[in-house]
Amino acid sequence: MTTIAAYGATLHVTNNGIRLTPSLLAAALGADDRTFNLSESTTVDTQVAPTSYSLGWVQLSGIPELFRFSPGAAQDQEAFVAAVAAAARGEAGGAVPGLNFVGIDVETANADWGSICQIGLVEVIDGAIGKTQCWLCQPPTSLSDFDPANIAIHGIRPEDVADAPPFAEVMAEVVAAVGDVPLVAHNAQFDFTAFSRACAAAKVPTPEWDFACSLAASRAAKLGVVSHRLPVVAKFLDVSLRQHHDAAADAEACAGILVNLALRAGYSGSLKDVFSSFGFSMGNLNDKRVYPVLNNPPSTRRADTDNSAPAESTPQRRSAPQPRWAKAATPEVIPEANKDADPNHPLFGHNVTLTGDFEPFDKGLLWEKMADAGATIGKNVTKKTTMLVMGPWDSVTSKQKRAEELIDKGQDIVMWQSAQLFDALGLSVEDEGDDQPPF
């Protein structure tokens with residue numbers, strides 16, 4: 001793939017055609033991504049070179065688009081003409097041969113990850129960004145409430161999806177569009193858990209999808225960024241992000257991040273091969289569970305491209321990993337609620353239960369801080385519970401299921417994500433927000 005700067009846009013030329021991505025300003029003024037097919041007969045009809053003070057342009061045969069170039073950008077114009085000629089001969093290739101996948105992203109209506117209201121995806125062939133698709137949908141009926149906090153993030157309101165098809169119909173179109181190609185999302189555990197929960201709530205079959213995570217790959221690449229959130233990594237890698245929290249734009253950005261990281265590392269091949277080179281095994285969504293992305297043993301990873309250190313011929317013995325359930329274990333001693341705490345604190349007076357993983361914080365520490373803020377701590381979800389705080393987990397926990405059952409019966413239980421608890425307690429996390437939506 002050849003990428004060339006144009007006037008108010010970036011041009012991506014591959015054997016598949018030309019893709020025009022507008023600049024942020026042009027997109028804000030209403031310009032859209034556009035894709036144009038090339039053939040052996042595609043030639044230059046008109047070419048006017050830019051001067052030091054005027055625009056230049058190129059008109060191609062059979063394509064109703066005038067490709068404009070900024071004043072003084074004659075070299076960019078010539079590079080574009082040469083790239084088009086190479087693509088017409090089938091010689092442009094892709095950015096990363098063999099790297100084929102679908103980038104995907106979802107937006108949700110409320111704190112329940114299954115409340116999907118928008119889905120975006122983008123095709124990637126040989127590392128070249130291709131067709132983008134986006135759907136608005138009505139969340140599954142049982143998860144259809146729109147939370148003001150979510151609306152503030154993505155701007156999607158109930159009236160925006162009032163005439164949209166239900167999730168079940170859109171999901172069928174998404175499954176058909178994905179086919180049997182693996183997928184990539186930024187913090188993939190969130191997106192694929194969202195699909196798992198939404199499919200269960202809508203009573204539609206859960207697809208079996210293999211997936212990789214651009215967040216995990218960006219961390220492994222040790223970029224030196226202050227955070228691995230999508231907009232931060234995209235900006236660092238000079239990847240276009242037209243509108244953060246638009247599902248199509250986020251899907252395209254996460255795909256661009258994965259491709260860019262593979263190029264920087266010199267990796268090529270299938271998504272499975274590339275992701276393994278970063279040190280991870282693929283995750284999997286199926287009708288039973290969401291199997292997460294996991295670290296590979298060092299001996300299975302591709303050697304560093306600079307060859308500064310010899311690859312190990314045999315794997316080193318590793319200590320036994322801590323059982324996954326151990327992270328969710330609850331302490332033995334329950335601290336007493338501080339009745340003299342600030343009554344305006346968001347935890348004051350609540351009966352709170354934690355479920356899931358709260359790394360890097362110990363649950364005992366969290367219990368103490370919550371109790372000091374005036375909360376009553378509960379080990380389990382009961383009829384006294386007024387708040388459930390959910391940390392990341394591979395599947396829906398039994399405590400969350402119990403809370404949802406009680407909510408259905410009329411009990412008032414507030415559902416928080418762990419990031420909200422950390423914020424309420426004034427706790428700071430390295431790479432804050434990487435593991436919690438919004439990304």
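User: Leaving aside neighbours within four places in sequence, which residues is W209 in contact with?
Analyst: Happy to start there, bearing in mind that this is a predicted model. W209 is listed with I104, I119, F192 and F195 as having the most contacts inside the largest nonpolar core. Beyond four places in sequence, W209 is in contact with I104, M171, V174, V175, V178, L183, F192, F195, G283, N284 and L285.

User: At about what angle does α8 run to β8?
Analyst: Good one to check in the viewer! Strand β8 belongs to an open sheet of seven strands with mixed pairing, in the order β10-β9-β8-β11-β12-β14-β15. Helix α8 lies across β8, β9, β10 and β11. Its angle to β8 is about 140°.

User: What is the bridge partner of G103 in β11?
Analyst: Strands β8 (residues 101-108) and β11 (residues 183-185) pair in the parallel sense, over two bridges. Within β11, G103 has as its bridge partner V184.

User: Is F358 buried or exposed?
Analyst: F358 sits in the loop between β17 (351-355) and α10 (363-372). Not counting residues up to four places away in sequence, F358 touches K363, L366, V389, M390, G391, S418, L421 and F422. Its relative accessible area is 1%, and buried means under 20%, so F358 is buried.

User: What distance separates the C-alpha atoms of F358 and W393?
Analyst: Along the chain, F358 and W393 are 35 residues apart.

How values were computed: Residues numbered from 1 in each chain as written. Predicted model: local features only at pLDDT ≥ 70, side-chain atom pairs only at ≥ 80, totals over all residues. Heavy atoms only, no water. Core = buried A, V, L, I, M, F, W, Y, C linked by side-chain atoms within 4.5 Å. Buried < 20%, exposed > 50% of the residue type's maximum accessible area, 1.4 Å probe, protein only. Contact = heavy atoms within 4.5 Å. Helix = DSSP H or I, 4+ residues; strand = E, 2+ residues; numbered from the N terminus. Pairing = 2+ DSSP bridges. Axes fitted to C-alpha atoms, helices over the stretch in contact; angles between N-to-C directions.
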